[in-house]
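Trainee: I would like to learn how to read a few local features of a model. Could you take me through them one at a time?

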Amino acid sequence: MEKEGKREQMSLVVIGHVDSGKSTTTGHLIYKLGGIDQRTLEKLEERANQLNRSSFKFAFIMDDLKAEQERGITIDCTLRQFETEKRKYTIIDAPGHRDFIKNMITGTSQADAAVLVIAAKSGEFESGFSKEGSTKDHALLAFTMGIKQCVVAINKMDTIEYSQDRYDEIVENVQDHLIKVGFKKDAVKYVPISGFDGDNMMEKSDNLPWYKGPTMVEALDSFKVPKRPTGKPLRIPIQDVYSIGGIGTVPVGRVETGILNRGQNITFAPGNVTTECKSIEAHHSKLEEALPGENIGFNVRLTKSDIKKGCVAGDSKNDPPLECESFIAHCIIMNHPGEIKPGYKPVLDIHTAHVATEFTQLLSKRDKRSGKLIEENPKYLKNGDSGNVLFTPSKPLCVEEFSKYPPLGRFVIRDMKRTVAVGVIQEVTKKEASTKKKR
């Protein structure tokens, strides 16, 4: 449990099809729960009006990159905090647009639970839920990246006159799909809301007298906080690296396992550089240590070119992370138009890394349900097949066995703007550490 009566912390990722109202819903929630003040909201409202986007005032709380405000879509993952009476949340607003799926996967890999936002408006739910839409893909990616709890926010209820029939129709469709993906029925809650007007976000809405379930905030507070693996060696996949004047190089990421202490010697892989952690910060507060589940920035004596997004930081004296030569993974083929043969090289998305990776050798084909061996060294794998595959990354990469470090051992394979396969790593062949540079 959290130490010294500290309030529970959870990271949420907000996912869903483009224009479902993710940023508006998230921004409204943050505003209502004291994440920003009235003056800041008024400034954002003024800017939204200047851009002829008056309906975007809450969205701009999350979309504070200028490019995002002008284009009206979320490009990168933005971190914000808000608090309920029960706990503190770090919220990761992830892009819904297909072009930015890499950022969405990175955001999802760093969250404890998800809010899936669905537009109830006529035609909008259907386009998000269709083959070309992102709703189904996002649900699958979230589950594959380790998210097991979800609130489905059925948004824009104000545009359909708060219709119970429409809500029931959407719940039925989405529930069937989430169960197919792997979510347990009781781990998902469905909440009708208006992200713009605020219906059913904080308190029950008179516009929804037929709805007897929790408000949005009550649904979030019903999530169970995952067990934090403090006893394992340290692993922090790096989400971004900043060079900050007067401070220096600051990698940013989420502590997945272990504890990071100020003054500790840490190693980054790939690259194999070791340095001291000079300071740790989370949401503008200095920390002496950072625990699993915390999104942090930490200052190191390295240059920005020494560390990249997708690197992994660990304790230099306790099972430090290493670059991998190759790895064997159990892989399920889900959405490929043809046959996958040795030599196929799609993009592998794992923790915060995105690297083209080769299917070097197909080792086995197995029954998807029972796991029973069907064939050794098959010539190809196709949709619906599963099996063990030897993978070789085309660029330096740090991964781990799923059994030891789950967040660094599950992956998604993407090609042709779709999720082709998902998998978990069983064995890793690591490169021997070369002479370490120390700063």
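Mentor: Let us start with burial: a residue is buried under 20% relative accessible area, exposed over 50% and partly exposed in between, using a 1.4 Å probe and protein chains only. This is a predicted model, in which local features need pLDDT of at least 70 and side-chain atom pairs count only at pLDDT 80 or more, while totals for chains, interfaces and linings use all residues. Residues are numbered from 1 along each chain as its sequence is written, and side-chain values use heavy atoms, with hydrogens and water left out.

Trainee: Is Cys324 buried or exposed?

Mentor: Cys324 counts as buried, because its relative accessibility is 3%. Cys150 is likewise buried, with a relative accessible area of 3%.

Trainee: How many disulfides does the structure hold?

Mentor: A disulfide is a pair of cysteine sulfur atoms within 2.5 Å, and the structure holds zero of them. Cys324 is in no disulfide, and the nearest cysteine sulfur, that of Cys398, is 7.5 Å away.

Trainee: Which residues other than glycine have a positive phi?

Mentor: Among them are Glu161, with phi near 55°, and Asp319, with phi near 50°. Helices (H or I, at least four residues) and strands (E, at least two) are DSSP runs numbered from the N terminus. Glu161 is found in the loop between strand E5 (150–155) and helix H8 (164–181), and is exposed, with a relative accessible area of 71%. Asp319 lies in the loop between strand E15 (312–315) and strand E16 (324–333), and is partly exposed at 35%.

Trainee: Where is the cis peptide bond that involves Pro270?

Mentor: That bond joins Ala269 and Pro270, with omega about -5°, and Pro270 lies in the loop between strand E10 (265–269) and strand E11 (273–282).
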